[in-house]
Amino acid sequence: MRDIASTEQLIATFIETWLAFDLRLREGRGLDERMEAHLLGLLANIAERLAPATSIPKSLAGIFVDMWGALTSCASLYDVPTQQRVFHAADRLTEAARAVCVD
């Protein structure tokens with residue numbers, strides 16, 4: 001694993017951004033596509049940094065376990081086109097999370 005401190009900061013940034021993204025969605029303020037893109041970029045960087053590891057930090061695993069359900073459960077707050085965008089975002093983010101967990 002490369003530079004542990006910067007990897008931990010990257011994970012902390014991902015978690016902070018994820019929580020803000022999820023809260024915005026749950027509060028009915030819409031899907032922030034910029035935040036989604038940022039989260040996807042963070043996950044790609046995290047996957048690259050953790051690639052040689054055989055485990056992931058518990059804090060990250062906790063987010064991954066609930067990610068898809070947390071997003072899709074909020075979809076009913078929105079009109080049908082937005083619901084579809086939420087479902088697609090959930091799929092993209094979950095797929096990126098899987099890339100962190102498998103090589």
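Q: What angle do H2 and H4 pack at?
A: About 15 degrees, with the axes of H2 and H4 8 Å apart. Axes are lines fitted to C-alpha atoms, for helices over the stretch in contact, and angles run from 0 to 180 degrees between N-to-C directions. The helices are DSSP runs (H or I, at least four residues), numbered from the N terminus.

Q: What kind of model is it, and how are residues numbered?
A: It is a predicted model, where local features need pLDDT of at least 70, side-chain atom pairs count only at pLDDT 80 or more, and totals for chains, interfaces and linings use all residues. Residues are numbered from 1 along each chain as its sequence is written, and side-chain values use heavy atoms, without hydrogens and water.

Q: Are H2 and H4 parallel or antiparallel?
A: Roughly parallel, therefore, given that angle; the label covers angles under 35 degrees, while over 145 counts as roughly antiparallel.

Q: Which residues make the contact between H2 and H4?
A: On H2, they include Leu39, Leu43 and Ile46, and on H4, Ala89, Leu93 and Val100 are among them. Contact means heavy atoms within 4.5 Å.

Q: How do H3 and H4 cross?
A: Helix H3 (residues 58–74) and helix H4 (residues 80–101) have axes that come within 9 Å and cross at roughly 160 degrees. H3 and H4 are therefore roughly antiparallel.

Q: What meets what there?
A: Phe64, Met67 and Trp68 are among the H3 residues, and they face a set in H4 that includes Phe87, Leu93 and Val100. Ala, Val, Leu, Ile, Met, Phe, Trp, Tyr, Cys and Pro count as nonpolar, Asp, Glu, Lys and Arg as charged, and the others, Gly among them, as polar.

Q: New topic: how much space is in the largest pocket?
A: About 160 Å³.

Q: Which helix gives the most to the lining of the largest pocket?
A: H4, with three residues. Helix H2 (33–50) also supplies at least two.

Q: What classes line the largest pocket?
A: Nine nonpolar, two polar and one charged residues.

Definitions and conventions. Angles under 35 degrees count as roughly parallel, over 145 as roughly antiparallel, 65 to 115 as roughly perpendicular and the rest as oblique. On a 1 Å grid over the protein atoms alone, a cavity is a set of points where a 1.4 Å probe fits but cannot get out, and a pocket is an open set with protein on both sides within 12 Å along at least five of seven lines; lining residues have an atom within 4 Å of a point. Grid points are joined across faces, edges and corners, and a volume is the space filled by probe spheres set on the points.
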